[in-house]
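I opened this model to look up how its parts are put together, and I kept notes as I went.

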Amino acid sequence: MITLTDIAYVRSGVADLEAAVRFATGIVGLELAAPTEIGVAQLRADHRHHCLALVEGPSGVIASGFSVADTDALAAAETELERSGTAVRRGSAAEARSRRVREFIAFDDPFGNRLELVSQQETVARPLVLARSSGITEFGHLCLDAPDVHEAYRFWSTRFNARVSDWLGDRACLLRIDPVHHKLAVFQGDGPGLCHMNFQVGSIDDLFRNWHFLLEHGVEIEMGPGRHPQSTAIFLYFLGPEGFTYEYSFGVRRIEDDAAWAPRTFDPEEAGSIDMWLGPVKRVSSQAQLQPKKAGVPAP
Ligand SMILES: [Fe+2]
């Protein structure tokens, strides 16, 4: 069993880096880290050096990163994955530097989503300086696609310390790795991909101010503002460049008493099961997983 201590980052490939950075800063409001590498822009939302890396190149999600406790835990995870027949690649020193982690390993989940486990992701002590006053306080969660969410649950709950918080029928599985209702979600989708990346904001006022800001700037709102009955979070999904869906949310439930929590199942077709305010619901668009160059050998 591999213990994930937190989510770490998303790496996403973008054909137009300048436009993607303009959106991530000027619209989403993330802080742009000082550039250290040509063709890579790192965006910060909290104590992490960055939680989103935009990498110039083919459009598509490159990898989703999760933290483990330390280098020993990473080595143990590597051994455990290899023993189970998973092809694992250890990142080079230069790749680890680019990710602002000490070490990392890369592998694919059973559906082709590229995952990276990292040790010692860099923390920045300097206060966050958001590019605009979006009220972002934290990288909240990430959401992956898989054709079968029950199979995905089996993967995450047997290999890792992920526990299911709630089900949306066959449509989604919401998973926690700490008291936050979900830091990871898997949505039913045709192929591997990133369904969305979530940022928490500091208040309900931030969320609604952001909604008006997005509307004024002609950003496509995919869903919301609404409220998820599972996590009780007030949400707003919107579409960024190159099919990358962002989410702002506020007020996510915490499950402090793990043993007392019983996962619930909601029928996604039932009114209110996705938005308890009964607003229009739709499946938000996903960014497809970039395929590695050689089958079985995870590429950077
Ligand atoms: Fe979400």
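**Entry 1: ground rules.** I am working with a predicted model, in which local features need pLDDT of at least 70 and side-chain atom pairs count only at pLDDT 80 or more, while totals for chains, interfaces and linings use all residues. Residues are numbered from 1 along each chain as its sequence is written.

**Entry 2: domains.** I looked up the domain assignment of the protein chain, which gives domain 1 (6–119) and domain 2 (136–286); such bounds come from an automatic or database domain assignment. The centres of the two domains, taken over C-alpha atoms, are separated by 20 Å. I then noted that 26 residues of domain 1 are in contact with 27 residues of domain 2, contact being scored when the C-beta atoms of two residues, placed from the backbone, lie within 7 Å. The elements that give two or more residues to the side of domain 1 that touches domain 2 are S1, H1 and S5; helices (H or I, at least four residues) and strands (E, at least two) are DSSP runs, numbered from the N terminus. By class, that side of domain 1 has 16 nonpolar, six polar and four charged residues. In this count Ala, Val, Leu, Ile, Met, Phe, Trp, Tyr, Cys and Pro are nonpolar, Asp, Glu, Lys and Arg are charged, and the others, Gly among them, are polar.

**Entry 3: the eight-stranded sheet.** I traced an open sheet of eight strands with mixed pairing, in the order S2-S3-S4-S1-S5-S8-S7-S6; two strands pair if DSSP finds at least two bridges between them. Its edge strands are S2 (31–32) and S6 (89–90), each of which pairs on one side only. S2 runs antiparallel to S3 (residues 40–44) and is joined to it by two bridges, with Leu-32 having Leu-43 as its bridge partner in S3.

**Entry 4: strand S1.** How does S1 pair with S5, and how with S4? With S5 the pairing is antiparallel over seven bridges, and Val-10 has Ser-64 as its bridge partner in S5. With S4 the pairing is parallel over five bridges, and there Val-14 has Glu-56 as its partner. Eight of the nine residues of S1 are buried, so S1 is largely enclosed by the rest of the structure; buried means that 20 or more other C-beta atoms lie within 10 Å of the residue's own, exposed that 12 or fewer do, and partly exposed is in between, with C-beta atoms placed from the backbone.

**Entry 5: helices on the sheet.** I found H1 (residues 17–27) lying across S1 (6–14), S2, S3 and S4 (52–56), at about 160° to S4. H2 (residues 71–83) lies across S5 (60–68), S6, S7 (103–108) and S8 (114–119), at about 25° to S7. Axes are lines fitted to C-alpha atoms, for helices over the stretch in contact, and angles run from 0 to 180 degrees between N-to-C directions.

**Entry 6: helix H4.** Which residues of H4 (residues 149–159) are buried? I listed Val-149, Ala-152, Tyr-153 and Trp-156. They lie on the same side of H4 because they cover an arc of only 105° around the axis, the arc being that of the directions from the helix axis to the C-beta atoms. On the other side of H4, His-150 and Thr-158 are exposed. The buried residues of H4 pack against S9 (136–146), S10 (163–168), S11 (172–176) and S12 (184–188).

**Entry 7: strand S12.** Five of the five residues of S12 are buried, so S12 is largely enclosed by the rest of the structure. Leu-184, Val-186 and Gln-188 point one way from S12, and Ala-185 and Phe-187 the other way. S9 runs parallel to S12 and is joined to it by five bridges, whereas S11 and S12 pair in the antiparallel sense over four bridges. Phe-187 in S12 stands opposite Asp-145 and is also the bridge partner of Ala-172.

**Entry 8: two serines.** Ser-12 has its place in strand S1 and is buried, with 26 other C-beta atoms within 10 Å. Not counting residues up to four places away in sequence, Ser-12 touches Leu-52, Leu-54, Val-55, Val-61, Ile-62, Phe-244 and Gln-287. Ser-231 is found in the loop between S14 (221–227) and S15 (234–239), and Ser-231 is buried, with 24 other C-beta atoms within 10 Å. Leaving aside its neighbours within four places in sequence, Ser-231 is in contact with Leu-174, His-181, His-182, Val-252 and Arg-253.
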